[in-house]
Amino acid sequence: MPKTVVRDNESFDEAMRRFKRQVNKSGILTDAKKHEAFYNKSLKRKMKSEQARRNAHR
């Protein structure tokens, strides 16, 4: 779990930006979105192939 301690003379917005960056790097939100709903095997396979196609296109 990412922690962010607000430094001296640091605005709330800057601390929030650092926290969001840490959460994004740790992958917490993507993991939570994966567990948000149930997907059957065929849909998981389809999503995985679409993701692979998008990554190969880059």
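Select Arg-18 to start: Arg-18 is buried, at a relative accessible area of 16%. The model on screen is a predicted one. Arg-18 sits in helix H1, a helix that covers residues 12–26.

**Stop 1: the partner of Arg-18**

Which kind of contact joins the side chains of Glu-10 and Arg-18? They make a polar contact of 3.0 Å. The pair is also a salt bridge, with 3.0 Å between the closest N and O atoms. Is Glu-10 buried or exposed? Glu-10 has a relative accessible area of 15% and therefore counts as buried, the limit for that class being under 20%. Arg-18, at 16%, falls under the 20% limit too, so the label buried applies to Arg-18 as well.

**Stop 2: one residue back**

Now select Asn-9, also in the segment before H1. Asn-9 has a relative accessibility of 84% and is classed as exposed. Check the backbone here: phi of Asn-9 is near 60°, a positive value in a residue other than glycine. Most residues other than glycine have a negative phi.

**Stop 3: the nonpolar patch**

Move to Phe-12, Met-16 and Phe-19 and show them together with a surface. What do these three residues make? Phe-12, Met-16 and Phe-19 make a nonpolar surface patch of about 300 Å². Take Met-16 on its own next: Met-16 is in helix H1. With 34% relative accessibility, Met-16 is partly exposed, because that class lies between the 20% and 50% limits.

**Stop 4: the positive patch**

Clear the selection and pick Arg-17, Lys-20, Arg-21 and Lys-25. These residues gather on the surface in a patch of positive charge. Arg-17, one of the four, lies in helix H1. Arg-18, the residue from the opening stop, is in helix H1 too, but Arg-18 is buried and has its side chain in polar contact with that of Glu-10.

**Stop 5**

Is Val-23 buried or exposed? Val-23 counts as buried, with a relative accessibility of 12%. Val-23 and Lys-34 are 15 Å apart in space, and 11 residues separate them in sequence.

**Stop 6**

How many salt bridges does the structure hold? There are 2. One of them is the Glu-10 and Arg-18 pair. For another, go to helix H3, residues 41–57, and select Arg-54 with Glu-50. The side chains of Arg-54 and Glu-50 meet in a salt bridge, at 3.9 Å from N to O. Both residues lie in H3, 4 residues apart, which is about one turn of the helix.

Definitions and conventions
Residues numbered from 1 in each chain as written. Predicted model: local features only at pLDDT ≥ 70, side-chain atom pairs only at ≥ 80, totals over all residues. Heavy atoms only, no water. Patch = residues over 30% accessible without salt bridge, like charges linked within 9 Å, V, L, I, M, F, W, Y side chains within 5 Å. Areas by Shrake-Rupley, 256 points an atom, 1.4 Å probe, with all protein chains shown as cover. Salt bridge = Lys/Arg side-chain N within 4 Å of Asp/Glu carboxyl O. Lys, Arg positive; Asp, Glu negative; His and termini not counted. Charge placed at Lys NZ, Arg CZ, Asp CG, Glu CD. Helix = DSSP H or I, 4+ residues; strand = E, 2+ residues; numbered from the N terminus. Polar contact = N/O pair within 3.5 Å; in protein donor to acceptor, adjacent residues only side chain to side chain. Buried < 20%, exposed > 50% of the residue type's maximum accessible area, 1.4 Å probe, protein only.
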